[in-house]
Amino acid sequence: MTSSRLRVLIAATEIYPLAKTGGLADAAAALGAALVEIGFDVHFVMPAYAQALEQIWADGSLQPLPNINGLEGGMLLSGKMPDSGVPVHLVDLPTLYRDGGELYVDASGQARGDNPQRFAAFAHAACELALGDLELPGFDIVHCNDWQAGLIPLLLQIRAGAEAPATVFTIHNMAFQGQCPAEQWGELGVPLRPEQWPRVEYYGQASFLKAGLEFADQLTAVSPRYAEEIQTSEFGFGMEGIIQARRESLTGILNGIDVSIWSPERSPWIAAPYSVNSLTGKARCKQQVQQELGLETDPSAPLMTFIGRLTWQKMADVLLEALPRYFEAEPDRQFVLLGNGDRALEARYLALAATYPGRMAALIDYTEERAHQLHAGADILIHGSRFEPCGLTQMYSMRFGTIPVVRPVGGLADTVLDYSPESQASGLASGFQFEDPSPEGMLEGIQRAIELYRQPESWLALQRTAMTQDHSWSASARAYAGVYERARAGRAGG
Ligand code: ADP
Ligand code: GLC
């Protein structure tokens, strides 16, 4: 295969386990490893946040970066990913990435004011690497992820024109667009020809996302359904016109999950391992969750969980409204929340937990360990989303035999097939869907799930189907290989 030695540089601003705020980190890490499996020479480039530097410092090698937008003293630390061994390059500009702040937001949860400078500098450094201007060979493909990497295709074009590597831009979330006030643009070191400004301008500001969508050779979205949805005003967040214009260059590719990590047989953190052939360990996991979180230790009580960011996207506000009715419907129902985000919602979930002692726990936090324990110990995952580009959480829960109740949008629609006696008879049912993004809609979906939960034989059949869905990365990695080919072919043809 001609692609077998292609050099691919994956630019992402979070990669698990070096840094993570959500699914991008998991998806980027696992895609890189899966591309290596099928023969690509893959490298990652990411900002050198303190927690990332610590993890690869010992075995890394350092080289100076050229002055970027007046920032002297930058370094590139090159090493290997702790688990997969994929080469990774960390862009170290300490004033931008090691100031003790969060990855993208300030203490109040708003986008950091210096984000344009931070991610423009990241794009400049990634271009140095991509073009072979550092002490490393250049790359054939640069795969950019989300708005933070949005300036890379444009900068490559400015610097190398037709000689630049082919570029692919992946949309993980259209809602985050990387706005930059027009007056700040001049400080970013991205000189535009006058006719190029409209391809970056968005309602008077510059948008890093728009630049990525306009200038990359190929676009991908993280599920086939999302690739369709973002062509509409409901899901396009104002970018639908650009997506429609570029639909011939857009491919929807479902994320996979790393099945070596998210596995009830291999997870190091759960009370007892189990598998699709024997789910007895799952009961122990449920008991552990109930005991540790102060819930009634009732093996037959339905235990529902929410694991995710407390945001509008995830319908965390709607769930909060639905919960009192959820509890009131039947006295044994339980619920555990793991997540953080909107500060007001965090406080309201804590207050609600206090009114349902023994039945509800709110963990305003996120750790991988607790996430595994809940995926293993719960019976039902509630995953209502107003929009969901792909969603990994529902795939993780399915692996653990925890049945997702989802809104059929984006990747949720592509991965969770609604239960009915017929869909179960044909071996397709893997969860429950509800359409209406209201507390009533959500409660209806949950009600259907709990009714089946009370019929152990049918529930077990559903668990088995969910657990045996193939969500590994291999098919998706091959689909990306096809996109890389198209990006290169488009370039060759001009
Ligand atoms: P999104 O990226 O939109 O948050 P995904 O379902 O794609 O949604 O990915 C969520 C990933 O982030 C999962 O690995 C999940 O366990 C993890 N996660 C969930 N909530 C949080 C949180 N509050 N902080 C960090 N990671 C989280
Ligand atoms: C984004 C999306 C999520 C997706 C993830 C990884 O964070 O919100 O749906 O799974 O990116 O692609």
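Reply: Between domain 1 and domain 2, seven residue pairs are in polar contact, with both residues of each pair at pLDDT 80 or more; a polar contact is a pair of N or O atoms within 3.5 Å, where, within protein, one atom must be able to donate a hydrogen and the other to accept it, and residues adjacent in sequence count only if both atoms are side-chain atoms. On the domain 1 side of this contact, α1 (23–37) and α8 (224–229) each supply at least two residues, and α8 gives the most, with four residues; helices here are DSSP runs of H or I with at least four residues, numbered from the N terminus. The residues on that side of domain 1 divide into 11 nonpolar, seven polar and five charged, where Ala, Val, Leu, Ile, Met, Phe, Trp, Tyr, Cys and Pro count as nonpolar, Asp, Glu, Lys and Arg as charged, and the others, Gly among them, as polar.

This is a predicted model, in which local features need pLDDT of at least 70 and side-chain atom pairs count only at pLDDT 80 or more, while totals for chains, interfaces and linings use all residues. Residues are numbered from 1 along each chain as its sequence is written, chains are lettered from A and ligands numbered from 1 in the order in which they are written, and side-chain values use heavy atoms, with hydrogens and water left out.

As for the two partners themselves, domain 1 covers 3–256 + 474–489 and domain 2 covers 280–467, with bounds that come from an automatic or database domain assignment. The centres of the two domains, taken over C-alpha atoms, are 33 Å apart, and the contact (heavy atoms within 4.5 Å) takes 23 residues from domain 1 and 19 residues from domain 2.

The size of an interface is often given as the accessible area lost when the parts come together. Here domain 1 and domain 2 bury about 1500 Å² between them, 58% of it on carbon and sulfur atoms; this buried area is the accessible area (1.4 Å probe) that two parts lose on being put together, summed over both.

There is also one salt bridge between the domains, a term for a side-chain nitrogen of Lys or Arg within 4 Å of a carboxyl oxygen of Asp or Glu. A salt bridge joins the side chains of lysine 20 and glutamate 368, at 2.8 Å from N to O.
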